[in-house]
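Please keep the sequence and the structure in view while reading.

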Amino acid sequence: MATNTNTPLSALKFDNRFVRELPADPDSDNIRRQVLSSCYSFVDSTQVSSPQLVAYSRDVAELLEISEDDCQAELFKHVFAGNELLDGMKSYAQCYGGHQFGNWAGQLGDGRAINLGEVVNQQGQHHTLQLKGSGPTPYSRSGDGFAVLRSSLREFLCSEAMFHLGVPTTRALSLITTGEQITRDMFYDGRPQKEPGAVVCRVAPSFLRFGSYEIFASRGDLDTLKQLVDYTIRTDFPHLGEPSVDVYIQWFAEIAERTMDMVVHWMRVGFVHGVLNTDNMSILGLTIDYGPYGWIDNYDPNWTPNTTDAEGRRYRFGTQPQIAQWNILQLGNALYPLIEQAEPLQKIIKDFASDYTGKWQQMRAEKLGLKQFIADTDEELNTELHEVLQLVETDMTIFYRKLADLDVHDQTFTDDELLSPLMSAYYAPDAMSKDDKTQICSWLRQYQQRARQDDLSNEIRRKNMNAINPKYVLRNYLAQLAIDDAEQGDFALVNELLELLRHPYDEQADKENFALKRPDWARQRAGCSMLSCSS
Ligand code: AMP
Ligand code: MG
């Protein structure tokens, strides 16, 4: 654990391997264009008029060895709003491409993200700092390069919440409003409005994406592709050894595995990314690019928070594993020219589905407090649970927490007694028909019986379940309440949620109000159940 030293902010150490070792765009004009044979372009962020600190993550500050005093200082907000560079910082935007909604979209790149370089802490760990929303770059295409407070607050809070949930993710150091007004047409319906601008400082060992490799493959630029692949293996996957064709294959297998682990966690906690384009897939298997993401309130595998995807629902909750596999296939295609052996790549892609299923079965068993998945009994138990959760609107998060409280050893319960601890998970208990009730109770009895096989006390089973089924998640409406306040200049709720979500598995007695199911008013409200890509 890093100790919080009093190294002044201005003395942070940087070791900018990415820009040192990879080819730079020779053109330094900040003009939108195609950038060839280069992994990034040097670019300055845009100066902003009056940066104001909304929140910072003390955990990330500690990781970077920035003291709390420094986080509150003038210099901090100027640096992390993009007004000033510290000694050793280099600002640049990365070039990448991507498949968007199933189609190759060509060059995308950091259109509004500006990297500041790699901090090295006392353990020698490298963390890239990246400002999101700090002005146009050569990759901005038709965008303005900025970001608004609502989407920045959502990214800031959610990435920290995900980390504390144990989900692989990029982190966020700070959320700063810029003092600028940004125009956005939130629902693309011809009603643009001015909104407060903001910058998030994101932090990750690397911000490389599947699309970072696809762009060079698509252009037939195998030299740059190979340089980038070798660089990635040497810096972020050193345990694989010196790059070679065999190592490329192992690397690809590891990326596939990390990606499936990440998705298993999303399904565990009820997270829907919303825009699983290949430019939003981290090469490290981290959740990246928090846009119109959402949290499952009532369990519905078909739900997508993203209104831009409402028709096709390509990125709905239940299909995230298949989409991840499709994205892995695209990465495999991009790497093929360096490997020139279809078979091992195809095997990794094909095995993705069964490997994922194995991991997910085990995770589902653990969510139910079972030691391990036993196909004979648990296949059916899972299938029926999937149905039972959809009979009547059932809050997924509350359901699993309450299930942990069920006494599985008592076989004398009436239906009402069996159901009573779970009632707070139902959105419309009155809509539960007699048949629904019978089916739910029959599942609960089946579950009791299966849990008894494991020979665990209720106490231990509850403890195990509560360690992986969170009590507190960043429900969409909670983020929206924090946005409503922040847009009025009141940052108390963002900070309260940030603190709450540092301990998502703990009972927090005075915070029960944040563990309740989504209120009715939030069902159809923009930002709570519907989000667009506008950010
Ligand atoms: P996203 O859908 O947020 O992952 O973004 C897809 C691409 O659009 C990335 O290359 C982004 O950098 C770019 N982009 C998104 N919003 C903006 C913006 N306001 N200005 C410039 N580029 C943007
Ligand atoms: Mg993106």
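## Contacts of a histidine

Two residues are in contact when they have heavy atoms within 4.5 Å. Leaving aside residues up to four places away in sequence, His 126 touches Asp 15, Arg 17, Glu 118, Val 119, Val 120 and Pro 205. His 126 belongs to strand 7 (residues 126-132); helices (H or I, at least four residues) and strands (E, at least two) are DSSP runs, numbered from the N terminus.

With a relative accessibility of 15%, His 126 is buried. Buried means under 20% relative accessible area, exposed over 50%, and partly exposed in between (1.4 Å probe, protein chains only). The side chain of His 126 makes a polar contact of 2.8 Å with that of Asp 15 and another of 3.5 Å with that of Arg 17. A polar contact is a pair of N or O atoms within 3.5 Å; within protein, one must be able to donate a hydrogen and the other to accept it, and residues adjacent in sequence count only if both atoms are side-chain atoms.

## Basis of the model

The model is predicted: local features need pLDDT of at least 70 and side-chain atom pairs count only at pLDDT 80 or more, while totals for chains, interfaces and linings use all residues. Residues are numbered from 1 along each chain as its sequence is written, chains are lettered from A and ligands numbered from 1 in the order in which they are written, and side-chain values use heavy atoms, with hydrogens and water left out.

Asn 280 is buried at 9% relative accessible area, and Asp 289 is buried at 13%.

Asn 280 also has a polar side-chain atom 3.0 Å from an oxygen atom of ligand 1. The protein buries 81% of the 480 Å² that ligand 1 exposes when taken alone; these areas come from the Shrake-Rupley method with a 1.4 Å probe, and for residues only the protein chains shown count as cover.

## An aromatic pair

Rings of Phe, Tyr and Trp (its six-membered ring) pair if their centres lie within 6.5 Å; planes under 30 degrees apart count as stacked, over 60 as edge-to-face and the rest as tilted. The count is 20 aromatic pairs. Tyr 56 and Phe 76 are edge-to-face because their planes stand at 65°, with ring centres 6.4 Å apart.
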